[in-house]
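Hi there,

Here is the structure I promised to pass on to you. Have a look at it first, and then read on for what turned up.

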Amino acid sequence: MTTFRSIEWIGHALKLLDQRKLPAETVYLEFTDYRDVADAIRQMVVRGAPAIGAAAAYGLALAAMYSDAQDVQALRRELEEAADVLRNSRPTAVNLFWAIDRVMKRAADPGLTTVDALRQAVLDEANAIAEEDIRANKAIGFNALPLVPDEAKILHHCNTGSLATVDYGTALGIIRIAYEQGKKVHAYLDETRPRLQGSRLSAWELNQLGIPHTVIVDGASGHVMRTIGIDLVVVGADRIAANGDTANKIGTYNLALAAHAHGVPFYVAAPTSTIDLSVKSGDDIPIEIRSPREMTHIGDIQLVPDGSPVLNFAFDVTPAKYITAIITEVGIAYPPFEESLPKLVAKAEEERRGHD
Ligand code: MRU
C-alpha cells in the first residue's frame, strides 16, 4: 500500500510532499497561491511528468478559488495569466502543458456563466486529471505483465513511482504490480545523477513496499547487464514524439544504448498524455538545462572546482530505434511508432469521452 501522497487536494489548498527532502525527512507543504505552485514545480518540490501536470491543474484551481473576479470574463483572464506562469515552470514534460490546456479548455465552456460554476469546473477538471492518472498507471502496470518474466531482473532509471505521479507510477508501477501479482522481481535502480531521484526516491518507495532492489551508480548499468544479467529495462518518459523518440531523465539514452548492445528489451512506460503527436521527432523536444549548482554541489559540499564549467542537461532523447515498445494505459505500441502511437492516442481519447 502506498502510505503517502505526492500530491493531494485538501479542500482549500494543494498539499505536496517535498521531494527535495527525501529520504531524510517527510515534509508536506501547503499551497494556496498558484505562483508558489509554479515555483514548487521549478524547484522540484514536486517532479515527474504526470505529477507536475496534476500540480499545475490544481494550481489553476487555486487561481480560480482565490480570485476576487466578479464576473466570468475577468476570472477567465486571470486564469490565462495563471496558465502562463505555470507553463513557464518546466519545459520538457508535455504532461504539464497537456494538463493546463485541458483545464483551460474546460474553463472556456460557454455554458459556465457564473464565477462559482467556473471555479467548480476548474477544480472538477483538476480532480479528474488526478483520478485518471491513478487509473492509467494501474492499467500500464497490468498491460505490461505479459512482458515481465516470472523471475525478472529489471533495470530502472530516475523515479517514476507514486512520487512522480498521483499514485502507483508508470515504470516503477510496472515493477510494483508485477511484484504484487507474485512475480519474483528484483529492481536495479540507477542512482540518477545529479538529483539522485533513483537512490533517494525510487529506493525510498521500494523500501516501503518491500520490493527487492539494489541501487547502482549510473555508470554501472552496462557492467550490470554484462555480469549480473538484466531481463528488461523499463523507464518513464517526459515527452514522446510522434515517431517514438522519447525524452526522459538524462542518462536514459546511455541506458538504451547499453541495453541495445546486450540484447536487453528496452521499454518506455507512460500514459498517453505524455505522447505529443504535434512534435515530429525528438529533435523538436525542448530539453531543460538546469542550474550548474545541482552538479557542482551536494548541499554545502563542493564537487567541482571553482572555474570549471559544467553543463547540466536535465533530459536526453532516446531515438525510437532503441525502444522495444511503449507501454500505455490503453495498450502497447510497437514500431513503427508513427503508426501505433496515433492509434493509442485516439483510443485513449475515445475511452475518456466514454467516461464523461
Ligand atoms: O526531473 P524529473 O525528476 O522531473 O524527471 C523525471 C523523469 O524523467 C521521469 O522519468 C519522467 O518524468 C516520468 S515520471 C512517471
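**Helix packing around α1**

In this predicted model, helix α1 (residues 34-42) and helix α2 (residues 49-65) have axes that come within 8 Å and cross at roughly 165°. That makes α1 roughly antiparallel to α2, and their crossing is left-handed. On the α1 side the contact uses Y34, V37 and I41, which meet I52, A55, A56, G59, L62 and A63 in α2. By class, the residues of this contact are eight nonpolar, one polar and no charged.

Helix α1 has another partner to look at, helix α3 (residues 72-87): the two axes come within 9 Å and cross at roughly 15°. That makes α1 roughly parallel to α3, with a right-handed crossing. Here Y34, V37, A38, I41 and R42 of α1 make the contact with A82, V85 and L86 of α3. Seven nonpolar, no polar and one charged residues make up the contact of α1 with α3.

**The ligand site**

Which residues are closest to the ligand? They are R47, R90, D238, N248 and K249, out of 18 residues that surround the ligand.

- D238 has a polar side-chain atom 2.8 Å from an oxygen atom of the ligand.
- K249 has an N or O atom in its side chain that is 2.7 Å from an oxygen atom of the ligand.
- A49 takes part through its backbone, with an N or O atom 2.9 Å from an oxygen atom of the ligand.

**Backbone features in the loops**

Most residues other than glycine have a negative phi, and most peptide bonds are trans. With that in mind, here are some spots to check on your screen.

R193 and P194 are joined by a cis peptide bond, with omega about 0°. P194 sits in the loop between β5 (184-190) and α7 (197-209).

Another cis peptide bond joins P335 and P336, again with omega about 0°. You will find P336 in the loop between β16 (331-333) and α11 (337-355).

Finally, Y168 is not a glycine, yet has a positive phi of about 75°. Its place is in the loop between β4 (151-156) and α6 (171-180).

Best wishes

Technical notes:
Residues are numbered from 1 along each chain as its sequence is written. This is a predicted model: local features need pLDDT of at least 70, side-chain atom pairs count only at pLDDT 80 or more; totals for chains, interfaces and linings use all residues. Side-chain values use heavy atoms; hydrogens and water are left out. Axes are lines fitted to C-alpha atoms, for helices over the stretch in contact, and angles run from 0 to 180 degrees between N-to-C directions. Helices (H or I, at least four residues) and strands (E, at least two) are DSSP runs, numbered from the N terminus. Angles under 35 degrees count as roughly parallel, over 145 as roughly antiparallel, 65 to 115 as roughly perpendicular and the rest as oblique. A crossing is left-handed if the near helix is turned anticlockwise from the far one by less than a right angle, and right-handed if clockwise. Contact means heavy atoms within 4.5 Å. Ala, Val, Leu, Ile, Met, Phe, Trp, Tyr, Cys and Pro count as nonpolar, Asp, Glu, Lys and Arg as charged, and the others, Gly among them, as polar. A residue is near a molecule or strand if one of its heavy atoms lies within 4 Å of it. A polar contact is a pair of N or O atoms within 3.5 Å; within protein, one must be able to donate a hydrogen and the other to accept it, and residues adjacent in sequence count only if both atoms are side-chain atoms.
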